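Here is my note on the structure you asked me to look over. Please read it with the model open beside you.

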Amino acid sequence: MSVVDPSVSSAATIATEAEAPPEREVTLKVMLVLALVVGIVAGVGAIFFKYLIAVIYNLAFYGIFTLHLDPNAYGPPSPFGAGIILVPVIGGLIVVWLVRSFAPEAKGHGVPEVMFAIYHQNGNVRGIVALVKSLASAISIGTGASVGREGPIIQIGSSFGSTFARALRLVQHQKITLLSAGAGAGIAATFNTPLGGVLFASEVLLPEVSTRTFLPVVVATATSTYVYRAVMGVESAFVVPFDGLAQGHLVNGAELLLASALGVLMGLAAWAFVKLLAWSEDVFEESGINPYLQNVIGMFAVGLLGYAFLLFTGHYHVYSVGYSSIQDVLNGGMTTAWLLLLLFVGKLVATCLSLGSGASGGIFSPSLFMGATLGGAVGVIGEAMLPGAGITPITFAIIGMGAMVGGATSAAMTAIVMIFEMTRDYEIILPLVLSVALAIGVRRALTTADIYTIKLRNRGKPIPTDRTTNMFLVRQASEVMYRDFVVLPGSMTVTDALKQIEVHKTRVITTDGNRITGYVRFGTIPYQADRFARQTLGDIASSEFIIASNGNNLNTVITRMNRRGRTYAIVVRETRGLPRPEDIVGIIGREEIANALVRNHYG
C-alpha cells in the first residue's frame with residue numbers, strides 16, 4: 001500500500017492548474033469591478049468566520065450552541081474544570097486530519113503560504129484552501145490554540161481572489177492583484193481597519209505598487225469593511241477609555257525616551273518570537289514523530305499552560321486570540337508588572353507550541369497580545385520610576401502593540417495605521433512611530449528575516465527582502481540602451497559582415513534599405529564558417545524585436561516586450577513617421593535590463 005504525501009499532491013494540483021496559460025488582460029475599470037466582488041466575498045467571509053469561531057468556542061468550552069461571543073470580555077471558567085486541558089488536544093487532532101487530508105498549505109499561520117503562491121506559484125492558491133483554512137482555523141481558535149484569526153482570513157481572501165482570477169483566465173499580474181486584494185480585504189474586515197488592510201497588502205504582499213495594483217486593493221478593502229460594518233457594527237477592535245490618554249497632550253521627553261527604550265525592547269522581543277517560532281516548527285517537523293502525536297504533545301502543553309493561568313489569575317489568558325486580556329490591559333485592569341511579563345512569556349510559548357505542533361491560525365493577534373503585555377509592563381515600571389511625567393501603562397500598552405507587530409512582520413506603516421484604527425486615538429502617533437521604527441531596526445539588525453519570510457527562507461524558497469518599487473524601471477531607454485551597433489543590409493553575406501565588425505562586441509541591425517528587418521548578435525551564434533559562407537545576414541537575423549522610442553521609460557519597453565513575446569528592443573529617436581534605419585540610436589536586450597537593475601540596487 002503506497003501513501004501519497006498531501007503536500008506533494010497539492011503542489012501537483014497547483015502545477016496542473018498553472019499549466020493553462022492566461023488568456024486575457026482586462027482593463028483597470030474591469031479590475032475594479034472584480035475587486036468589488038472580491039471585497040464583498042471577503043467581508044461576508046470575515047462575518048461567517050467570526051460566527052463559526054463563536055459556535056465552536058461555546059461548544060468546546062461550555063457545551064452550548066450559541067452565536068454570541070464577545071472576544072473582548074472574559075468568559076466564565078469552563079464547567080469541564082481540569083478537563084479543559086484536553087479541549088485544545090481534541091481540536092488539534094481534528095485540525096491535523098483536515099489539513100493533512102485536504103489542504104497541507106492550510107497549516108500554520110497562512111501568510112507565508114500566500115507569499116509563496118505570489119512569488120513561486122504564479123499567484124495560484126487552490127480554492128479548497130479557503131474552505132479548509134476557515135474550518136481548521138475556527139477549530140484551532142475555538143478550542144483554545146494560541147493563534148489569531150487574521151492569518152486565516154488573509155488566506156481565505158487570497159484563495160478566493162486567486163481562484164476567481166483563474167476562472168476568468170486573467171494574466172499573472174492581475175491574478176496576483178486580486179489575490180492581494182482578497183488578503184487585504186480579509187484583514188480589513190477582521191479588524192475593522194480599511195487603511196490597515198490596504199497597507200498590509202501593499203507592504204507585505206504586492207510585488208509591485210502602482211495604480212493598476214493599488215486601486216483594486218483599495219476598492220476591495222473598502223467594500224469588505226463596509227459589508228462587515230453593515231452587519232457587525234462600526235466599533236473599533238479595541239476600546240480605549242477616554243481618560244486613558246490625555247486629549248491634546250503634548251508628548252514630553254520622558255515619554256519619548258521610554259518609547260525609544262520600548263522600541264529597542266520590542267525589537268529584541270520580535271527577534272525572539274521570529275527565532276523561537278521557526279525553531280519550534282523545525283523541531284516538531286524534524287522530530288520524526290507522527291503528526292498526530294506531535295499535536296497531542298504541543299496542544300497538551302498549551303492546555304496545561306492555560307489552565308495554570310486560570311488557577312493563579314482567574315482567567316485562561318493564553319487560550320485563543322486573547323483579545324479579552326488585551327482589552328483588560330487597555331482598561332487599566334492589569335497594573336502588576338510581573339503579571340504582565342508572565343503573560344508575555346506565556347503567550348510567546350503558547351503561540352510557538354500551537355503553530356509548531358500543527359495548529360492553523362495567525363500571528364497578528366498573538367503579536368498584539370505580547371505587545372500589550374510587555375508594553376504595559378514597561379509603562380507600569382516607567383510610571384513608578386518617573387511619577388508626574390505623564391507615563392501610563394495604557395499608553396505604552398498601545399505603543400507596544402504596534403511595535404511588536406511592526407517588529408515581527410516588517411510592516412511598519414501597517415502596524416502604525418492599524419493600531420490607530422483599532423484604538424482611534426491620534427495622540428499616540430508620535431511615540432508609536434518612533435517605537436515601531438526602532439523595533440524593526442533592532443530586529444533587522446539581529447535577523448533579516450521576519451515572522452513571515454523566515455519560514456520560506458528555511459524552506460529554500462526565499463522572497464526579496466526589500467520589496468520596493470523598482471526605480472530602475474522609470475529610467476529612459478536612452479539611459480539604458482547599448483550603443484555599439486552597425487546597420488547593414490540584409491542582403492550582405494555573413495562572410496563580408498564578419499570583416500566589418502567585432503564579433504563579440506558589435507551588434508548588427510539589418511535593413512532592406514528603407515525598413516528595419518532584423519537583428520543579429522554574433523556572439524550568441526555558434527560559428528560555422530562553411531555554413532555562414534553561403535548565408536546572408538537576412539538568413540540568420542531574428543525578427544523577434546519591438547521598436548521603442550528613446551523617450552520611453554524602461555517599464556514601457558519591458559511591458560511591450562513581454563506582451564509580444566520579444567527578447568529585445570531596437571531604440572529609435574522620436575519621429576512622427578515610420579522609423580527608418582537612420583533613426584536607430586541603440587538596442588535594449590536582456591543584458592541591458594539586467595545591468596540597469598544591478599546598477600539601481602548596487603551602483
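The points below take up a sheet, a helix pair and the cavities.

1. Basis. This is a predicted model, in which local features need pLDDT of at least 70 and side-chain atom pairs count only at pLDDT 80 or more, whereas totals for chains, interfaces and linings use all residues. Residues are numbered from 1 along each chain as its sequence is written, and side-chain values use heavy atoms, with hydrogens and water left out.

2. The sheet. Strands here are DSSP runs of E with at least two residues, helices are runs of H or I with at least four, both numbered from the N terminus, and two strands pair if DSSP finds at least two bridges between them. Between β4 and β5 (residues 568-572) the pairing is parallel and runs over five bridges, with isoleucine 546 standing opposite alanine 569 in β5.

3. Contact means heavy atoms within 4.5 Å; axes are lines fitted to C-alpha atoms, for helices over the stretch in contact, and angles between N-to-C directions run from 0 to 180 degrees.

4. The helix pair. Helix α8 (residues 194-205) packs against helix α16 (residues 412-423) at an angle of about 170 degrees, the axes lying 8 Å apart. The two helices, α8 and α16, are therefore roughly antiparallel, a term that applies to angles over 145 degrees. On the α8 side the contact includes Leu199 and Phe200, and on the α16 side Val417 and Met418 are among the residues involved.

5. The cavities. There are two cavities of 30 Å³ or more, a cavity being a set of points, on a 1 Å grid over the protein atoms alone, where a 1.4 Å probe fits but cannot get out, and lining residues having an atom within 4 Å of a point. Ala46, Phe49, Lys50, Arg149, Thr190 and Tyr228 line the largest cavity, to which helix α2 (residues 28-62) gives the most, with three residues.

6. The second largest cavity. Its volume is about 30 Å³, and α10 (253-286) gives the most to its lining, with four residues.

Technical notes: Angles under 35 degrees count as roughly parallel, over 145 as roughly antiparallel, 65 to 115 as roughly perpendicular and the rest as oblique. On a 1 Å grid over the protein atoms alone, a cavity is a set of points where a 1.4 Å probe fits but cannot get out, and a pocket is an open set with protein on both sides within 12 Å along at least five of seven lines; lining residues have an atom within 4 Å of a point. Grid points are joined across faces, edges and corners, and a volume is the space filled by probe spheres set on the points.
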